[in-house]
Amino acid sequence: MTVPNPTRLLASAGAALAAPLLALVTAVTVTVLVLVGSGSSPLDVLDTMVTYAQRPRSQALMVNSAVTYYFSAVAVAIGFRMNLFNIGVDGQYRLAALLAAAAAAEISLPPVLHVTVVLLIAMGVGASWAGLAALLKVYRGVSEVISTIMLNFIGTALIAYLLTPERLAVRTVGSNNIGTPTIPASGQVPGISLIPDSRLQVYGLAILAVAVGAGYWFLLSRTRFGFDLRAAGASEDAAKASGVRVSRMIIISMLLSGAVAGLVGMPQLLGAAHTFSLDFPAGLGFTGIAIALLGRNHPVGIAIGALLFGFLDNAATSLELRGVSRDIVLVTQGVIVLSVVVAYELVRRVRTRAEQRDVARRLAATTPAPPAPSTPQEVGA
Amino acid sequence: MPANHAGRGQVTDRGRLWLRRPAWPVRAERGPAAGTSCGRGPGLPGRGAGAGTARSPPTFPSIPRGASRIGTEGTQASAADDPETPVAGPATGDREAAAETAAAAAAETTEAAGTESAAFAVELRDITKTFPGVVANRDVSIRVRRGSVHAVVGENGAGKSTLMKTLYGMHRPDSGTILVDGEDVTLRSPADAIARGIGMVHQHFKLAENLTVLENVVLGAEPRKPGWRRLLLDSRQARTRINEIATRYGLDIRPGAYVRDLGIGERQRVEILKVLYRGARTLILDEPTAVLVPQEVDELFGALRDLVNEGLSIIFISHKLDEVLTVADDITVIRRGTTVGTVRPAEVTARQLAELMVGSELPSPEISEESVTDEVALTVEGLSVDTEDGRRAVTDVGFTVRRGEILGIAGVEGNGQAELIEAVMGIRPAATGRVLLGGTDVTAWPTRRRREAGVAYVPEDRIRSGLLFDSPLWENRMLGHQTRPPNSRGGLLTPSAARSDTRQIVAEYDVRTPSVAVAAGALSGGNQQKLIVGREMRDGPTLLVAAHPTRGVDVGAQAAIWDQLRAARREGLAVLLVSADLDELIGLSDTLRVILRGRLVAEADPRGVTPEDLGSAMSGMSRAPAVPSTPAVDTAPGAVTTPAAAAAATDGAGPGAGDVGDTGDSGDTGAAAEPGEDR
Amino acid sequence: MRRFGRFGKITGLVAAASVVVLALGACGSDDGDDGTAPAASGTAAAKSIKVGLAYDIGGRGDKSFNDSAAAGLDKAATGLGVTKTELEAAEGETDAQKEERLRQLADAGNNPIIAVGFAYATALGKVAPEYPDINFAIIDDATLVDVPNVASLTFAEEQGSFLVGAIAAQATKVGNIGFVGGVNTPLIQKFQAGYEAGAKAVKPDIKIQVTYLTQPPDFTGFNDPAKGQTAAAGMYDSGADVVYHAAGGSGGGVFTAAKSAGKLAIGVDADQYLGAAADVQPVILTSMIKHVDVAVYDMVKSAVDGKPLTGAKVYDLKVGGVAFSTSNSAVSPYTAMAEDYQKKIISGEIKVPTTPTS
């Protein structure tokens, strides 16, 4: 009875692409409208962006930004999968970067080991800072949203306290900046000449980002632990009934999220700045939230989202040179995230309905024909 | 309200009987020629659209129930004489007395309703409504007599809700006509329906908790003060009208009370009041008893009777057959989207009605052979459980379940069953006492360890606790068993093995699904439950803890689940069964315990006990254990010891079974969203 | 994931979406001005000179030192007839992105290029050698003095602050004054250090309350009048009657607090008496002027003249790079002593510390 329906086959193939396409079309439309409304030519903007994208240096910059964003978004996504909202990635990575930078400058170890130890320190600091929020949630019922935001503030204050000449920082003559001592060469991660013709190298820790992405995917979709985590995120009650200790999952996933958050600052610290100073990039934790949403918590989706954001952020400068405010990029990013979230929700609903219909059709097709003709006679007898 | 008692008395008789008597041929009020709305096989040529509208008038007079009873007195009497009529079973003196009371009561109400017009309040003719790929309603025809309770029954997904949404203007039919008071109408929205005097009381109440009854009732239809003060609510006028309506229809409600302080039954009355306040003459009640405790069901039925006596018409959606038989004047059965027939409650038994609904012989939950062994699977000793807010939900409970034994826990919901089961599963900590699995103290074990030790679990609420709605079936098969093959090995998942195992479950347990990659939320409630039972039984458990395993599932799925439980029991499975379905409990259990306010208060032998006896014990009217040794039909009064309880039991010939004794054909829908129907 | 209210960043993005349409309109008109730079004054050569300016986070409109730099640029654009290109830093960007900004300005043919803020030091240190023919300048940083095509333009904020500290110490009737810093960075600590030294030079036992609005990397302390008002009000409540702020855009809140408390305040960067509303003016006793605009203008001017600045240039009291304002006549009783100190500082008799002692 279930005749393959060509329209439906097409529909199901289209369903996979429907959400991204819908989101893309919406985002482009809104951006164009804003551009036109602000008196800029969308074609000019497009031209500028394309030209920009073709330059090797911009490509390297985009990848470098994306690497940083990727860690941040994966950290957020780990929380999301467990239904936890780790807004504290920002504080976690900054604190981790400061302490890792200070430690890296202090210790002297052979090259690879040095970097490894520093990375572990950063992960440990990030995990501990996130772990505080997890403990508060499990034992005191404090929403992680509140506690991580608060820990961001506390982290900022702690960094300010520690980043003074009396403690972890050193002064440079003639500079108004202040930062930790420069990390010795053994603790620096060389760049990779990934993009040909670009003098700017890609962060060496890009490899670590790939590894973290793969590990994230494997852990969540291939391990029992990942299943427990996803189950707990999808339905706490169902997870409990299935034997998952939800409070334990909260702590573990928050620690994992914090550990990955600790890596956010590492490409910049070990690959470029070699010091944690006042102008160390801040706010990346919030970008991570947007990218995790954009990437639907999927490791590949997050990678695409991170590259997109990396490109847009860097292209903003060339747009500004053409007289287009860099705020247009913020608008575009916001619209993209909104469109993606809305589009996926829409497509999800449509798909669920289609699936239910499919099930119902199947039910109708496989069961014996409705009311036996004899019933009326029986009724009348 | 003697009429109600009489009605219930009769139904209870049937309720008692149907388990034990062979099925009787269904008697309908008219022959096949007139039965144009009855179901037909798909191969039959479709009848002309006019056929339904041009059919002969109904054979029963269009007068309220009390009068109807008088009007058909002859039929009734002859039916009573007819040995094939269910009412004429091995009736005891008790029951005859009840019948007499009924007749007298019926006579009393004749006057009140005798002058009603003969027109139909609502008539649906040949309604067809399709959704992409699915015909939800096909040529459905229903006539609702003014001043009657008209029940619409059918399995989950049969199309009841779709039909009522059509009538309430929530969507428009593809074809067919709707007549209200004889006039052809087009209903574009619920507002249209309300304007036509059709009101709907939803299963899930739509009330603002922090407003008063009065404010809730007038919300959206507020009477204004005159003149310049028209922005102000004229609460005096509102109060007057509400009181007037409440008095007229016997709805006991305080307009000034806050809804948050009201019980479920009272809230339902507020919903009804809301609809009446807006001038409804025909009320649609969607599964109104699903959320009520027995006493509240009783009160609701009383109120409904008052409403029809005042000339209102009620459409009562349900799949609890004994309730339908109690309260309805006419019953229309819907199966697979079309009307199968309209019958009168006096002429069918619950079982016959159920068979009309399913279209096949009904399953019976009874188990015959003895399979209980001496080997203890579960021991619970002195167990007390506290809720999160520190309230003691279970107090000093102890019992054992042996292999091959099904121990049933009966009780009105909210008496500690949920907490007890969660404590056995290790989801909730035990405040005192011990839980032993086959002699091993597992009180300190986490849930996972207990499950790994062979405890399977069918949770009370499959939507919240049993399934991951957005995950595919094969991931749901892993749930609760994710530490074992075929789901995982050494901490790594083995999805392909799980998928193929899920396919086997789907085949063995007849889960109707296109594939195992479908999200669990897409399945109908019954199929979801079959999947849960399938996965829990799959790994060869030694103990199954099952809460309401057939709640909200259709009859077919219920039969399948019962079969599985029986089969597993034969193979030595121990089962701790909590259910609100007394027939399920009586039919499946080897031992029955009654839980009341967190304590096990009575023990019963399922081979002798009746739903009424259980009902009394559950409601606390029977202090002593009800352990009848002889069939309940003869010993119903003897099964209880205290005078109060005895009185209750006699009375229980009326409300008892109606309150707590689902006839088992249906189960309770709970909050289950039935995808098949919910469109 | 329907909880947008929680996303600080996203809320920001969305808010930006709604605001930006309007904002862009304004930007558009700015752009129009660029094309029609007045050719009234300036030489023919000046017209072909393109000046690039890279702002720190906040950019034009931050009511702080970015704006001050913008004022200098505007003056150069109108007065010297040069073409200007402005780029702005974004939150959370790395040195690589700052480098990119400078490179893009260089590639677009701008010369000179001025980087506003010490955060550009590392980036400029990399970019400047790549473009030896282009002259760069950096404000508030002196680490690149050895790079031949970079002018390091720094200020002796502590000297100016010393003088307003001396004025505050004279003006206070109760021997209790306050200092509100925008963000706790070494740069702002210079203001504090000078202020304290100046006040103590006048009244050794004076009580000085100090507070910073935010800690780095939270730089909102430079643009949060509400925080400024709260902090200043707290100081007035605890007995201070003169408060000096080095908090950029947050200073407006300090003045509001002073007005409602009926006490005095001291402005910073520009002569804030001139820009204030008439009813606020009386409370602004004086201002510590830091001539970032002059530094920017000087850089452009030197390029137009064909002798671009290089090396370190310190804008101190001696060259008029920092000063105190006398627009408010109420300050006149105290100026004599301040001018006396000014001479001593210029002569080197007094050495003003750059880090707070407390």
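This is a predicted model: local features need pLDDT of at least 70, side-chain atom pairs count only at pLDDT 80 or more; totals for chains, interfaces and linings use all residues.

Student: Why is Tyr341(C) called buried?

Tutor: The cut-off for buried is under 20% relative accessible area.

Student: What makes Phe162(C) and Tyr341(C) an aromatic pair, and why is it edge-to-face?

Tutor: Ring centres have to lie within 6.5 Å, and planes over 60 degrees apart count as edge-to-face.

Student: Where do the two partners sit in chain C?

Tutor: Phe162(C) belongs to helix 6 (residues 157–171), while Tyr341(C) belongs to helix 12 (residues 332–347). They are 179 residues apart, and the pair links distant parts of the chain.

Student: How many aromatic pairs are there over all chains?

Tutor: The structure holds 11. One in chain A is Phe80(A) with Phe85(A).

Student: Why is the pair of Phe80(A) and Phe85(A) edge-to-face?

Tutor: Their ring centres are 5.1 Å apart and their planes stand at 80°, so the pair gets that name. Phe80(A), at 5% relative accessibility, counts as buried, and so does Phe85(A) at 2%. Back in chain C, ring pairs also join Phe179(C), Tyr195(C), Tyr212(C) and Tyr244(C) into a cluster.

Student: Now the interface. What makes Arg57(A) and Asp107(C) a salt bridge?

Tutor: The nitrogen and the carboxyl oxygen must be within 4 Å. For Arg57(A) and Asp107(C) the N to O distance is 3.5 Å, so the pair qualifies. The rule finds four salt bridges across the interface of chain C and chain A.

Student: Which parts of chain C supply residues to the side that touches chain A?

Tutor: Helix 1 (8–35), strand 2 (83–87), helix 4 (95–107) and helix 7 (186–202) of chain C each give at least two. Helix 1 of chain C has the largest share, with 11 residues. Sorted by class, that side of chain C has 25 nonpolar, 10 polar and 19 charged residues.

Student: How many residues are in contact, and how much area is buried between chain C and chain A?

Tutor: 54 residues of chain C are in contact with 59 residues of chain A. The two chains bury about 4900 Å² between them, 63% of it on carbon and sulfur atoms.

Student: On to chain B. How do you know that the side chains of Asp590(B) and Arg569(B) are in polar contact?

Tutor: The limit for the N or O atoms is within 3.5 Å. The contact joining those two side chains is 2.8 Å, which puts it inside the limit. The side chain of Asp590(B) also reaches the backbone nitrogen of Ile406(B) at 2.7 Å. Asp590(B) lies in the loop between helix 21 (582–588) and strand 21 (591–596) of chain B.

Student: Is Asp590(B) buried or exposed?

Tutor: Buried: its relative accessible area is 16%, and the label needs under 20%.

Student: And what about Leu35(A), why is that one buried?

Tutor: Leu35(A), in helix 1 (residues 6–37) of chain A, has 3% relative accessibility, so it counts as buried. Beyond its neighbours within four places in sequence, Leu35(A) is in contact with Ser40(A), Pro42(A), Val45(A), Val324(A) and Ile328(A).

Note on methods: Residues are numbered from 1 along each chain as its sequence is written. Chains are lettered from A and ligands numbered from 1 in the order in which they are written. Side-chain values use heavy atoms; hydrogens and water are left out. Contact means heavy atoms within 4.5 Å. Buried area is the accessible area (1.4 Å probe) that two parts lose on being put together, summed over both. A salt bridge is a side-chain nitrogen of Lys or Arg within 4 Å of a carboxyl oxygen of Asp or Glu. Helices (H or I, at least four residues) and strands (E, at least two) are DSSP runs, numbered from the N terminus. Ala, Val, Leu, Ile, Met, Phe, Trp, Tyr, Cys and Pro count as nonpolar, Asp, Glu, Lys and Arg as charged, and the others, Gly among them, as polar. Rings of Phe, Tyr and Trp (its six-membered ring) pair if their centres lie within 6.5 Å; planes under 30 degrees apart count as stacked, over 60 as edge-to-face and the rest as tilted. Buried means under 20% relative accessible area, exposed over 50%, partly exposed in between (1.4 Å probe, protein chains only). A polar contact is a pair of N or O atoms within 3.5 Å; within protein, one must be able to donate a hydrogen and the other to accept it, and residues adjacent in sequence count only if both atoms are side-chain atoms.
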